[in-house]
Amino acid sequence: MNNKIRDIVYKKIIPSGQAGRVCIIGGCREYTGAPYYAAVSSLKTGCDLSWVMCSSKATEIKTYTPEIIVLPMLSEDDLKNDEEKSIMKEFDTMLGRLHVLVIGPGLGRNKTLLSLVEKMIKAAREKNVPLVIDGDGLFLVSQNLDIIKGYKRAILTPNPNEFKKLCESVFSEQELKDQDPEDQKQQEKLIRDLCDKLGNVTVVRKGGKDIICSGKSDEHYLTCEVEGSPRRCGGQGDVLAGAMGTFLHWSIQASENDEALDERVAILHGAYGACALARSCGRAAFGKLKRGTTTPDIIEKIPEVFESLYPHQE
């Protein structure tokens, strides 16, 4: 698998100089760390530029680092029609510059924010911009599955509880009543059926092992059992979301440059690459700092762990 990922990373991307422009949509009055973690992780994984598009009440993200571009253009307050149109017009202009959107880190559940982001997802789909949806972005999807259904350039990254909520939005109570979370065969069938009902979006179910799936066939199903950190400090999901955004762009670029590489399969392999990287960084940080490990320690490990997993070859 690592050889396939190296092919995506190096043979297709680096010569072209198009390593990616990734935008994180998230960050509100209450949560400012999550979008920062995602943006820096995307950048350290290897994208060219990383943005955070956040609430006007999360401007302090600008002070965290000069390496990311922060646009506090979203609102948590009620908007007049012309104010919303102005935000969406600015966003539409931005879309032409971006390769991937990562939606959800630190987004919160403010109704005005969620309404704006729902419109942004629809606008991104119209322009075929790839999406990674995490955190409260998954809450939004669970409330309205149609905004994501059938969009094969989308990756959803639920943890076990978010996966459960997503399944409850897709399946009937009767269909779920006998599900045992510890039954591996049941869970495998459930995620395959979920992806099928969502129209072959890619779902990365995070857990003791990460299950990566975009449909019922074995070709569209992988598991990542790379050892991770036994410490689950807050923010590790944001690291994965950011890395996933960078890998998603690389995967699509690789498939566009190689007719023999199916885009859905490439996205699956890229998602595996991001999972393996995030898990390995967690393990490396824990190996040094043990119970004192925090998310910045994990992010710090990204460059050296990336090179150990996917070494550069001239």
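Some ground rules. This is a predicted model, with local features needing pLDDT of at least 70 and side-chain atom pairs pLDDT 80 or more, while totals for chains, interfaces and linings use all residues. Numbering runs from 1 along each chain as its sequence is written, and side-chain values use heavy atoms, without hydrogens or water.

Back to the pocket. Charged residues (Asp, Glu, Lys and Arg) number eight in the lining.

The largest nonpolar core has 57 residues. A core here is a set of buried Ala, Val, Leu, Ile, Met, Phe, Trp, Tyr and Cys residues joined through side-chain atoms within 4.5 Å. Buried is under 20% relative accessible area, exposed over 50%, partly exposed in between, with a 1.4 Å probe and protein chains only. Ile-212, Met-244, Phe-247 and Leu-277 have the most contacts inside this core. Apart from it lies another core, of 52 residues, including Trp-51 and Leu-198.

Asn-128 is not a glycine, yet its phi is positive, about 65°. Asn-200 also has a positive phi, about 70°. Buried or partly exposed? Asn-128 counts as partly exposed because its relative accessibility is 38%. Asn-200, at 18%, counts as buried.
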